Amino acid sequence: MSKEDFYTPTDLDRLRMENELLAFEVRFLKARSGGQPEIAGSPISLSRMTYLEEAETDLKLLLRRIQNSPLGPVARTNKNFRTLNERYLKQPDKAMGMSPAQRTVYLEGAERDLVLLLRRLGRGPLGVVFSRRKSFRTLQERYL
Amino acid sequence: MSDQLIIAGFHRSGTSATARLLHRAGLFLGYELLEALPSNPYGHFEDREIVNLHTRILADNDQTWAVDEPLLPFVGQQRWQLMQRIIDRRNSEHRLWGFKDPRACLFMMLWKHLLPGAKVLIVYRHFSNSTYSLGQRHSSDMFLGRGSAHVHRRFWEDPDFALRMWLVHNNALLAFARTFPQDTMTISLDMIRDGFPVVWALNRRWNLGLEDVPIAEAFDQSISMRRVRRQPVSDQELGEKVRDTWRRLEELSGQTEMVLRKEVPVV
């Protein structure tokens, strides 16, 4: 075997960019072939990931709205509400630094928390009041 | 007497979705809007005349849309005259008008010179997601053989190219916001996604008379994809600069939220 059969990659930037382009190519080809492109490093489809990200966004929106509403001071006395607040509103960039697998777990947790929160709000003493809101009913239809 | 509202933000930062929302709310954005593309399925909401003008000014300065270093544009007499004609026609025909073009980030001072009363809505997005989305668009175009392969390939041949572009455009916006704080409102794409009432806030601040449109009607959450991994960077110094610019943008949008928080309608 001659020496020319080998090549030692030395340019890390070039390798990194080639790798990134290849990842885009895989994603592109999978989408084109009609298959569900998977998120790199995560066994989850792009559509499922999009759904989970929407659930996370809806959960943040709901928490913010509760916090800014007249119910805010009462809600803040609830430990579960404070935990959700801490987890999803006070550390917004935390999820960005996660590995794909960690992020998936985080987003699935957000979806579960949203379902739980919607159930509790719907069944609580103010359930009737919430159910009058179109935005709340939309969330119930989407996630419950 | 006309009011003007310019929507300014880097490529792939949610400016099209924002423009779509404001267009629905009654903001006139141009006589000939560019058609939709797969990368922007709802359309760009960019006026051909304004985009052509910006493209020509860039070409006069030996640049394309992909500016990745600070630009102090030279503007010839002919271009000034065209800008003035664009303004005169819109001022005479519309009570409220504006435009959206990511290239405008680099020309905000020029427009402000001719339109001293113009208001500017700055829309920004996290560098990681903007650059990832840019990569997605150009890789798809390259694989499909659409447009110039040379332009597309640059994103994978020139380290940190997209990140430098993000920095240059957003720094230009920050400079503008510092100079004209009273005429600038800064919001992030995440704020819009989280339900920040943009139209309501614009009306509240500048009394523009826009019609309130529910964000969900005009804003498709699924079009704003995110980078799954962390942002790669070759030049660590560039990384620091980008982080600093991001922090300053976040401060500005924090001010927008703070001023309006007390008055934002609740659920």
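**View 1. A:Tyr51 sits in helix α2 of chain A.** The helix spans residues 46-68. The coordinates come from a predicted model. Is A:Tyr51 partly exposed or buried? A:Tyr51 has 18 C-beta neighbours inside 10 Å, so it counts as partly exposed; a buried residue would need 20 or more. A:Leu107 is 56 residues away from A:Tyr51 in sequence. In space, their C-alpha atoms are 9.5 Å apart.

**View 2. Chain B is shown as a whole, with the scores of the model.** The model has an ipTM of 0.77 and a pTM of 0.72. The average pLDDT of chain B is 90. In this chain, 90% of the residues score at least 70. Chain B contains 11 helices and four strands. Along the principal axes, its C-alpha atoms fill a box of roughly 50 × 50 × 35 Å. Why can chain B, with 267 residues, be set beside a compact globule? A compact globule with 267 residues would have a radius of gyration near 18 Å, and chain B agrees because its own value is 18 Å. Of its 267 residues, 43% count as buried. Contacts with a separation of 6 or more are 75% between residues 24 or more positions apart.

**View 3. The sheet of chain B is open and has four strands.** The strand order is β2-β1-β3-β4, and the pairing is parallel. Which strands lie at the edges? They are β2 and β4 (184-188) of chain B, each pairing on one side only. On average, neighbouring strands are turned by 20° against each other, direction ignored. Helix α1 of chain B, residues 15-24, packs on this sheet. The helix touches β1, β2 and β3 of chain B. Its direction makes about 155° with that of β1(B).

**View 4. Strand β1 of chain B pairs with β2(B) and with β3(B).** Strand β1(B) covers residues 3-8. Five of its six residues are buried, so the strand is largely enclosed by the rest of the structure. Five bridges link β1(B) in the parallel sense to β2(B), residues 96-100. Here B:Ile6 has B:Phe99 as its bridge partner. Four bridges, again in the parallel sense, link β1(B) to β3(B), residues 119-124. On this side, B:Ile7 is partnered by B:Leu121.

**View 5. Strands β3(B) and β4(B) run parallel.** How many bridges join β3(B) to β4(B)? There are five.

**View 6. The largest nonpolar core has 67 residues.** Which residues have the most contacts inside this core? They are B:Ile6, B:Ala8 and B:Met108. Helix α7 of chain B, residues 161-179, gives the core its largest share, 10 residues.

**View 7. B:Met108 is shown with its contacts.** Neighbours within four places in sequence are left aside. The residues in contact with B:Met108 are then B:Ala8, B:Val120, B:Ala172 and B:Phe176. B:Ala8 is itself among the residues with the most contacts inside the largest nonpolar core.

Definitions and conventions
Residues numbered from 1 in each chain as written. Chains lettered and ligands numbered in written order. Predicted model: local features only at pLDDT ≥ 70, side-chain atom pairs only at ≥ 80, totals over all residues. Helix = DSSP H or I, 4+ residues; strand = E, 2+ residues; numbered from the N terminus. Buried ≥ 20, exposed ≤ 12 C-beta atoms within 10 Å, placed from the backbone. pLDDT = per-residue confidence, 0-100. Rg over C-alpha atoms; globule rule 2.2 N^0.38 Å. Contact = placed C-beta atoms within 7 Å. Pairing = 2+ DSSP bridges. Core = buried A, V, L, I, M, F, W, Y, C linked by C-beta atoms within 7 Å. Axes fitted to C-alpha atoms, helices over the stretch in contact; angles between N-to-C directions.
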